[in-house]
Amino acid sequence: MDGTHEGMERLMAAAGAWEVTGQRVLVTGASSGLGLAMARALAAGGARVALGARDAGRLGEAVRSLDETTADVRAVPLDVRDSAAIARAIAVIADAWGGLDVLVNNAGIGMRTVNPAFLTDPQPFWQVSEEGFTAVIDTNLTGYFRVASAAVPLLLEAERGKIINISMNHETMRRRGFVPYGPSRAGAEALSLIMAEDLRPCGVDVNMLLPGGATATGMIPDDVPHDLRARLLSPHVMAEPICYLCSHASDGVTGARIVAAEFATWLRERQEAQTG
């Protein structure tokens with residue numbers, strides 16, 4: 001979605017069903033792709049959004065791209081592999097806003113970091129370097145653990161809050177040639193379910209959100225055929241469900257796994273179950 005006035009109106013219409021005004025949200029991996037799309041939707045809805053990412057230059061560009069919103073949007077340099085950097089980022093947010101309402105764990109690296117031709121020439125697991133395997137797990141799984149562990153004290157202090165962990169299709173987790181990306185996201189889903197149970201008595205909800213298919217982000221190789229690229233989901237498929245999960249409308253929803261492309265159906269079925 002573009003950053004024009006018309007584009008912003010469409011984005012706000014998609015997210016506007018859910019009240020997020022004033023919500024204090026940290027989105028990791030927010031300099032591009034799904035992270036930036038979610039940050040844009042939340043800012044358009046009036047949330048206060050901290051965009052976290054490693055690359056300060058790209059992070060600054062991302063924040064400037066949200067200038068058309070009137071929300072409090074700020075850059076927070078953040079490497080999810082660095083506990084000290086995470087602690088500094090959380091401290092900056094606490095100092096600026098007095099707390100945190102929502103953490104969106106999104107930072108990740110994909111298969112192209114270990115095999116640039118992963119779609120056309122899948123690499124068996126025994127050919128993956130230990131260094132490549134460790135880097136993906138450290139970012140996609142341990143990174144979620146690190147950031148959530150640092151953010152939880154703020155949520156516990158407020159006796160409420162939300163953690164949203166971004167995931168991917170189960171089919172992709174089991175796909176040939178998808179080590180270590182598949183295991184990293186499978187582990188993150190198991191972590192999410194345990195987080196939800198650990199935090200259930202504390203008033204903190206933990207849920208998973210995934211696009212529902214291959215998405216047009218930087219994780220897709222540049223040489224993907226045009227016909228395949230045309231079928232990719234837009235990152236903005238995440239707009240409405242992320243606003244729902246960050247709003248008080250989702251209070252009490254925990255341990256859920258929501259597919260963004262099927263959000264309308266999921267929500268209708270949930271509402272029918274509650275009223276039926």
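## Helix packing and local features

Helix 5 passes helix 8 in a right-handed crossing. The contact between them is formed by Val136, Ile137 and Asn140 from helix 5, together with Tyr181, Pro183, Ser184, Arg185 and Ala188 from helix 8. Sorted by class, this contact holds five nonpolar, two polar and one charged residues. The model under discussion is a predicted one.

Two packed helices are described by the angle between their axes and the distance between those axes. For helix 5 (residues 130–140) and helix 8 (residues 181–199), the axes come within 9 Å and cross at roughly 25°. Angles under 35 degrees count as roughly parallel, and helix 5 is therefore roughly parallel to helix 8.

A second pair consists of helix 2 (residues 33–44) and helix 10 (residues 239–246), whose axes come within 9 Å and cross at roughly 60°. Because of this angle, helix 2 is oblique to helix 10. Helix 2 passes helix 10 in a right-handed crossing. Helix 2 supplies Met38, Ala41 and Leu42 to the contact, while helix 10 supplies Ala239, Ile242, Cys243 and Cys246. By class, the contact of helix 2 with helix 10 has seven nonpolar residues, with no polar and no charged ones.

Ser83, Ile86, Ile90 and Ala94 of helix 4 meet Arg146, Val147, Ala150, Ala151 and Leu154 of helix 6. The residues of this contact divide into seven nonpolar, one polar and one charged.

The angles and axis distances of these pairs are set out below.

| Helix pair | Crossing angle | Axis distance |
|---|---|---|
| Helix 5 and helix 8 | roughly 25° | within 9 Å |
| Helix 2 and helix 10 | roughly 60° | within 9 Å |

### Backbone geometry

Most residues other than glycine have a negative phi, and most peptide bonds are trans. Glutamate 159 is not a glycine, yet it has a positive phi of about 60°. Glutamate 159 is found in the loop between helix 6 (142–158) and strand 5.

A cis peptide bond joins valine 179 to proline 180, with omega at about 15°. Proline 180 belongs to the loop that lies between helix 7 (170–173) and helix 8.

Rolling a probe the size of a water molecule over the atoms shows where empty space is left. A search of the whole structure finds one cavity of 30 Å³ or more. The largest cavity has a volume of about 30 Å³. Its lining consists of Lys162, Ile163, Ile164, Asp205, Asn207, Leu245, Ser250 and Val253. Strand 5 (161–166) and strand 6 (204–210) are the elements that give two or more residues to this lining. Strand 5 provides the largest share, three residues. By class, the lining of the largest cavity has four nonpolar, two polar and two charged residues.

Conventions:
Residues are numbered from 1 along each chain as its sequence is written. This is a predicted model: local features need pLDDT of at least 70, side-chain atom pairs count only at pLDDT 80 or more; totals for chains, interfaces and linings use all residues. Side-chain values use heavy atoms; hydrogens and water are left out. On a 1 Å grid over the protein atoms alone, a cavity is a set of points where a 1.4 Å probe fits but cannot get out, and a pocket is an open set with protein on both sides within 12 Å along at least five of seven lines; lining residues have an atom within 4 Å of a point. Grid points are joined across faces, edges and corners, and a volume is the space filled by probe spheres set on the points. Helices (H or I, at least four residues) and strands (E, at least two) are DSSP runs, numbered from the N terminus. Ala, Val, Leu, Ile, Met, Phe, Trp, Tyr, Cys and Pro count as nonpolar, Asp, Glu, Lys and Arg as charged, and the others, Gly among them, as polar. Axes are lines fitted to C-alpha atoms, for helices over the stretch in contact, and angles run from 0 to 180 degrees between N-to-C directions. Angles under 35 degrees count as roughly parallel, over 145 as roughly antiparallel, 65 to 115 as roughly perpendicular and the rest as oblique. A crossing is left-handed if the near helix is turned anticlockwise from the far one by less than a right angle, and right-handed if clockwise. Contact means heavy atoms within 4.5 Å.
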